[in-house]
Every structure is written in structure tokens, then in C-alpha cells.
Amino acid sequence: RRRVRSFAERRQPLDGLELCARALKAGHPLLAAFQLIADEIPAPVGQIFAEICQQQALGVRMEDALRRSAMQTKNEDMQLFSAAMAIHLRSGGNLAEVMQGLAFVIRERLRLGRRFRTLIAQTQISKRILLGMPVMMLGVLSWLNPEYVSKLFDNTPGFIMLCVATGSLLLGWIVMNRMASLKA
């Protein structure tokens, strides 16, 4: 579980794909590019590509080795890489361009994920400010002029207004929590 989390939190898969694309453009074969990733990039990505190279040396098909590594990491980027490689190994084409395209897609996905987390954080801060402001104002007003605030608690229309305001705050809290929990 720790390995999967470590794999997902780092930019290593992206760095590995870019390194592989550069190695393929330089004329290295695919297995040599994977070995370069295993040598140059630290664990967990380097270790995963080392395992792919070991499995290939033992006679396991490249497709199967990639599929196993994708299942082992439980990472969307690695699963995308595995699927793209499986298709490419069957159909052929410019592998370096495929790697660069995958790197671009992963980079954009990471950028959008960061943007999404930023928007969620902004929603959470707005929620706290908007929900705390009326309560703070009630506290300040009761401290500055207790007679003015006591009108809300002493008579029926004031109490109704206080209940409506509390209900509105609860509704706003629910709506903003829903906004912040939407998954893209």
C-alpha cells in the first residue's frame, strides 16, 4: 500500500516516460530504454521497470510484464502506459512519439488535478468564512450592545429570524460541502 501511494504521489512515472522517449529517439531499443529507467530513476518507478526487464529476460512477453506491473502499482498512469504499449506492440509505429504523447497526457492530468485541488481548497475556505461571519457578527454585536441582540431571543419574530438564519447557514454548509466533494 505504501508503494502504491508513493508511486501515485511522485512525478516519477512522468519522468520515466520522458526518459524513455529520449532514449528511444536516441536509437536505443525498448528494453534498453526500460533498463535506463530502472538505472536512472529511483524506486518505486525504477524498481518497477527493473522488474519488467527481469521478467522479459525470463521469457515473459512484454505485454504480460507491463500488464502485471500496471496491476501491481494500481496507478492510472501506469495502466494507461501499459495499454498504450500493448496496442503499440501489436500495431507498431513510432514508439518515441507514443511515449511523448503519454507524457503530455499525464502532465496535463496532473496539472488539472492540482487545479481541481486548488478549487476545492478555495471552496473550503469560502465555506468557513461565510459560515463563520454571521456567528462572529452575532458575538461582536452581543458584546458591543447586548440589548440590541437580546431582541432576537426575547420575542417571537426575532426568534423566527434567528431560526431562519440558522437554517440558511446549515443549508449553505450542506451545499458547499457538496460542491467541495464533487469528483471530476
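A21 touches A96, M99 and Q100, not counting residues up to four places away in sequence; contact means heavy atoms within 4.5 Å. The model is predicted: local features need pLDDT of at least 70, side-chain atom pairs count only at pLDDT 80 or more, and totals for chains, interfaces and linings use all residues. Residues are numbered from 1 along each chain as its sequence is written, and side-chain values use heavy atoms, with hydrogens and water left out.

A21 lies in helix α2. Helices (H or I, at least four residues) and strands (E, at least two) are DSSP runs, numbered from the N terminus. The relative accessible area of A21 is 3%, so A21 is buried. Buried means under 20% relative accessible area, exposed over 50%, and partly exposed in between (1.4 Å probe, protein chains only). A21 and M99 stand 78 residues apart in sequence, yet their C-alpha atoms are 5.3 Å apart in space.

The largest nonpolar core holds 33 residues. Such a core is a set of buried Ala, Val, Leu, Ile, Met, Phe, Trp, Tyr and Cys residues joined through side-chain atoms within 4.5 Å. L30, F34, F49, I52, F81 and M99 touch the most other members. Two or more residues come from each of α2 (12-25), α3 (30-40), α4 (45-57), α5 (62-73), α6 (76-91) and α7 (95-144). The most come from α2, with seven residues. Leaving aside residues up to four places away in sequence, F81 touches L17, F34, F49, L66, M99 and L102.

The axes of α2 and α3 come within 9 Å and cross at roughly 135 degrees. Therefore α2 is oblique to α3. Angles under 35 degrees count as roughly parallel, over 145 as roughly antiparallel, 65 to 115 as roughly perpendicular and the rest as oblique. Axes are lines fitted to C-alpha atoms, for helices over the stretch in contact, and angles run from 0 to 180 degrees between N-to-C directions. G16, L19, C20, A23 and L24 of α2 meet L30, A33, F34, L36, I37 and E40 of α3. This contact has nine nonpolar, one polar and one charged residues. Ala, Val, Leu, Ile, Met, Phe, Trp, Tyr, Cys and Pro count as nonpolar, Asp, Glu, Lys and Arg as charged, and the others, Gly among them, as polar.

The axes of α3 and α4 come within 7 Å and cross at roughly 145 degrees. From α3, the contact takes L31, F34, Q35, I37 and A38; from α4, V45, G46, F49, A50, I52, C53 and Q56. Nine of these residues are nonpolar, three are polar and none is charged.
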